[in-house]
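User: Hi! I'm new to this one, could you walk me through it?
Analyst: Happy to, let's have a look together.

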Amino acid sequence: MDRLDALRLFIRAAETGSFSRAAAEAGVGQPAASRVISALEAHFSARLFHRTTRRLNLTEAGVLALEQARQVIDAADQM
């Protein structure tokens, strides 16, 4: 999965509040989606989500990353 696809997955996970739902929409398994998000967190050196067994919430860094990810995806889609 390339970086743009990873950002799209991150955006959907943030919007749906679920790695599983975002993974299903992207056509990948939930473990793969978790690895992609973990790789993004490593790349950005920031935790993007607070994870519990029942909830998925953005951290402050995640909120900022979401806004920038949307801008990147919008720019890429316009190209």
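**Around helix H3**

Analyst: Let's begin at Ser 45, which sits just after H3 and takes a positive phi of about 55°. Keep in mind that this is a predicted model.

User: Okay, and how many residues does H3 have?
Analyst: H3 has 15 residues. From its first C-alpha to its last it reaches 21 Å, close to the 21 Å expected at 1.5 Å a residue.

User: Which residues of H3 are buried?
Analyst: Those are Ala 33, Val 36, Ile 37, Leu 40 and Glu 41. They cover an arc of only 140° around the axis, so they lie on the same side of H3.

User: And what is exposed on the other side of H3?
Analyst: There you'll find Arg 35 and Ala 42, both exposed.

User: Back to the buried ones: what do they pack against?
Analyst: The buried residues of H3 pack against H1, helix H2 (19–26) and strand S1 (49–51).

User: Let's switch to H1, then. How are H1 and H3 oriented, parallel or perpendicular?
Analyst: The axes of H1 (residues 3–16) and H3 (residues 30–44) cross at roughly 105° and come within 10 Å. An angle of 65 to 115 degrees counts as roughly perpendicular, so that is how H1 and H3 stand to each other.

User: Nice. Which residues meet there?
Analyst: From H1, Arg 3, Ala 6, Leu 7, Leu 9 and Phe 10 meet Ala 33, Val 36, Ile 37, Leu 40, His 43 and Phe 44 in H3.

User: What does that contact look like by class?
Analyst: The contact of H1 with H3 has 9 nonpolar, 1 polar and 1 charged residues.

Technical notes
Residues numbered from 1 in each chain as written. Predicted model: local features only at pLDDT ≥ 70, side-chain atom pairs only at ≥ 80, totals over all residues. Heavy atoms only, no water. Axes fitted to C-alpha atoms, helices over the stretch in contact; angles between N-to-C directions. Helix = DSSP H or I, 4+ residues; strand = E, 2+ residues; numbered from the N terminus. Parallel < 35°, antiparallel > 145°, perpendicular 65-115°, else oblique. Contact = heavy atoms within 4.5 Å. Nonpolar A, V, L, I, M, F, W, Y, C, P; charged D, E, K, R; others polar. Expected span 1.5 Å × (residues − 1). Buried < 20%, exposed > 50% of the residue type's maximum accessible area, 1.4 Å probe, protein only. Arc of directions from axis to C-beta.
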